[in-house]
Amino acid sequence: MSWPPAFPILSLLVWAPAAGALLSALPREELTGLRRRISLGFAAATLVLAVALTFHVGPGEHLRELRRWIPTLGFSYDLSLDAYRVLLTFWIALLGLLALVSAPSGRRATLLVLLAETALLGLATAGDGALFLAFYGALILALAILLERGEAMRTFFFFQSAGLALAFCYVAIVYHLTWVQTGFPSAEIARFSSLVTFPDFERRMFLLGASVFAFAAPLFPFTSWVASAGFSLSNPGRLMLFGGFPLASASFFVRAVVPSYTGGEGALVALAVLSLLYAGLASRRSWAALLVGCQGLVALALLSGVAGRAGVLPMALALSALALWTSEPDDAPGAIPGGLALLMFLPTAWLVLRERWSAAPLTTAFAGLGFVLMMFHLARSLPPLSRRRAVLLLPVVGLWAISFLAPSRFAAGDAKVDAVQEEE
Amino acid sequence: MTLPLLPLLAAGILSTRVGESPWGRRLAGGVDLLALVLAAAHWNARDADVFGLFLGATILGTLVFVVLDPEPNVESLCRLHLGASLALVAVSAREIPWSVGAILLLGLLLRRERLFLAPGLVALAGLGGLFATEWERLGLGLLVLGLSAFWLLVSREVLRSSPARLVTRMASSFVLLVAVYSVHLRSGAQFPEGGATIAFAALTLGVLGVLGATRVTTFLTAFALSRAGLVFLALPAGVHGRGPGLLALAASGVSLLLLAAALDGIEVLDDVARLGSSPRRLVLTWGALSAASFPPFPGFAAAFPLASALFDRGYPGSLVAAAALLFLLVLGAMRVVARAWDSGEARTVEAEVGRAAIALAVLASWFFTIAPARLAEIARAAGL
């Protein structure tokens, strides 16, 4: 399948949910059926587009849409997809649809879920630092308003805007360096790794990038917002928060920080191990402990080479499955036992811990201990899942199985630019 | 020369009996719009003063926004138009003495308070110093200090004590800010070291005010102060700071006017929780977060080149402090936004915000994501 070179397929993918959000806001509050049909229609259309792109973009290929935005300031409307990120967009599109299907929601929740989907798709595709931050800010705002309770909103927003402010500093510094070294301003993310800097400066920048991840992910101890957010959110919001939001910080880290990474990961590893231990030692099952533990594992994965980085998607899928599991406890006969959810965490954990073991056995042992304890708590407390919800779980499990093919999609190979749409 | 006359004509229309009718106000708005179109048409003229035209267009855009207010106070509107005419003189005059004179008159027109005398006299003394070579630096310092203090005092009085509607008050404060900024901008290349201190003081005071305010007028005054601080922070960056400075100024105008439109008719910030209208809460969210430079709202894009320009001129410490203050400003803005969207409150205040305000918000956002390239080019060309 191919598109005409000038066809803005990536824009269509990113903005389709936002268009659905605007249209679904038009019907009056009581026209619930019409609103639901509109929102589901747009979410489904986005998913179809994402599936088509998944088949279209293979390993070593990429698709790009580049337009002038603010050329004098060096900002461009730059969207791109490679073979791995196309899997992420597939998951985000599926997540948006699942969130809308999982429970009937009011006008406000429908609109915000679709806007959050657009922001997530934008984060996965943005190739310009300023555009990335714009989508990041939009995602934080959409999820904050989705929380509904003022106190939860403020706590969530405090931590996330701290992460965003640090991300802004990171991009602004690199923007300035690009201007100084090349003579023209640019916030293009791919350019970050080609800058000439001193090792000491690189370590500081890595620390700054790691702080962004620690605040946004979150890692222990920046976790105060998670418990109240998990409590305040209804099912669609919880799916977006736990299945989609962790991808934002990981995406920033993988694309902007890791390519220029030359060492100095000690602080991040320490926070990751602490997060896993916190999750393991937490006395009762709570969203805070679960999410923080999983993000600790993701942090270790991000530092563990290609196979580890590919584990980000399976972890997001496992968290989404848990969000489905715990949203509506149901012990009806024939329900699926909770232990199945645990299986989704194990392969990634095994891959990551095995890779880390040779480099740092002691910290890996602590991380492993935290992980085992976390799984033990989870196994004891997860309720069975009703059959109705199990239907929603099927696509998640299916994509989880497919996501283990992701490492092959990381292969750069001879990058073939399939379609570059430039409007000079 | 035509531009300052058109708001005078609009003021004339508003001061007659015709001006009290909606039709008369539309006519005055049409005159403002005509002036705005004229300013846009002059941009490509060979000898055009692009800085003056851009600042003039900002003032005229503000007037158009205020005239769209569905329930205006005609006397305040008339006064604002007279003030805008003086502000246009201040931004387009080629000699600084004319600009300073116009600004002082504008301040007196907006609020007649004896307190303004002191900063006015300081500004005039600074102006005198500019004419003597050996006193030039001191003169410039006094001028900057005097005009900044003048803006601060007048704006505070206008925003907190005026009987007019909030949008008109905010517009008056912003028009005065544009006029003061134009004088500061012209002193650009030799901007005194102390200028950055004034900008920081304004930003810090504003942020603290936004975080602690309980009354709407205090909140808006503090927001205006913090935005002014941010805009003035671009001045020490010299030529490279001019483009981002202009963007930040224009974004401030849009954001503060929208914020004032959303908060009009409310006394204390706690009442925000009882706003029933979703469009009004949306405009509030848009205005508050945009005024705090939160992405993806207008004002955010200017932060990158502004940061780079300050880096270049050797102000990395100032930059870190400004980033921290902006973070606090975002939290202050979110305090109100979270209250507006909190589902636990009964919605009893049903007043709507005008559809025109929402349309302008969308248009302004579009403008600030597409048009800045041209604005920055103009600013840089003028700087050279």
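Select Ser293(B), in the loop between helix H12 (278–291) and H13 of chain B. Helices here are DSSP runs of H or I with at least four residues, strands are E runs of at least two, and both are numbered from the N terminus. Ser293(B) is not a glycine, yet its phi is positive, about 60 degrees. Most residues other than glycine have a negative phi, and most peptide bonds are trans. Is Ser293(B) buried or exposed? It is buried, with 26 other C-beta atoms within 10 Å. Buried means 20 or more other C-beta atoms within 10 Å of the residue's own, exposed means 12 or fewer, and partly exposed lies in between, with C-beta atoms placed from the backbone.

A word on the ground rules. This is a predicted model, in which local features need pLDDT of at least 70 and side-chain atom pairs count only at pLDDT 80 or more, while totals for chains, interfaces and linings use all residues. Residues are numbered from 1 along each chain as its sequence is written, and chains are lettered from A and ligands numbered from 1 in the order in which they are written.

**Confidence**

Colour by pLDDT, the predictor's confidence in each residue, from 0 to 100. Chain B has a mean of 81, and 86% of its residues reach 70 or more. Which elements of chain B mark the lowest and highest mean pLDDT? H16(B) is lowest at 56, and helix H10 (residues 216–232) is highest at 90. For the model as a whole, ipTM is 0.85 and pTM is 0.87.

**Helix H10 of chain B**

Stay on H10(B). Of its 17 residues, 16 are buried, so the helix is largely enclosed by the rest of the structure. Check its length next. The expected span is 1.5 Å times one less than the number of residues. For H10(B) that gives 24 Å, and the end C-alpha atoms are 24 Å apart, which agrees.

**Chain B and the core**

Of its 384 residues, 59% count as buried. Now pick Ala87(B). With Leu139(A), it touches the most other members of the largest nonpolar core, which has 304 residues. Such a core is a set of buried Ala, Val, Leu, Ile, Met, Phe, Trp, Tyr and Cys residues joined through C-beta atoms within 7 Å. Helix H6 (residues 150–182) of chain A gives the most to this core, 17 residues. Leaving aside neighbours within four places in sequence, Ala87(B) is in contact with Ile59(B), Leu106(B), Val175(B), Leu176(B), Val178(B) and Ala179(B). Contact means C-beta atoms, placed from the backbone, within 7 Å.

**The interface**

Select the contact between the chains. It takes 27 residues from chain B and 30 residues from chain A. On the chain B side, the elements giving two or more residues are helix H13 (303–312), helix H14 (316–341) and helix H16 (372–383). H14(B) supplies the largest share, nine residues. By class, this side of chain B has 19 nonpolar, four polar and four charged residues. Nonpolar covers Ala, Val, Leu, Ile, Met, Phe, Trp, Tyr, Cys and Pro; charged covers Asp, Glu, Lys and Arg; the others, Gly among them, are polar.

**Chain A: hairpin**

Switch to chain A, with 18 helices and three strands. Buried residues make up 56% of its 424 residues. Select strand S1 (residues 61–70) and S2(A): eight bridges join them, and they run antiparallel. Strands pair if DSSP finds at least two bridges between them. One bridge to click: Arg64(A) with Ser80(A) in S2(A). The two strands form a hairpin with four residues between them, and Gly74(A) in the turn has a positive phi of about 85 degrees. Seven of the eight residues of S2(A) (residues 75–82) are buried, so this strand is largely enclosed by the rest of the structure.

**Chain A: two cis bonds**

Go to the loop between helix H7 (199–216) and helix H8 (224–232) of chain A, where Pro218(A) sits. The peptide bond from Ala217(A) to Pro218(A) is cis, with omega near 0 degrees. Pro221(A) is in the loop between H7 and H8 as well. The bond from Phe220(A) to Pro221(A) is cis, with omega near 10 degrees.

**Last stop: Trp15**

Finish at Trp15(A), in helix H1 (residues 9–25) of chain A. It counts as partly exposed, with 15 C-beta neighbours inside 10 Å.

Technical notes. Contact = placed C-beta atoms within 7 Å.
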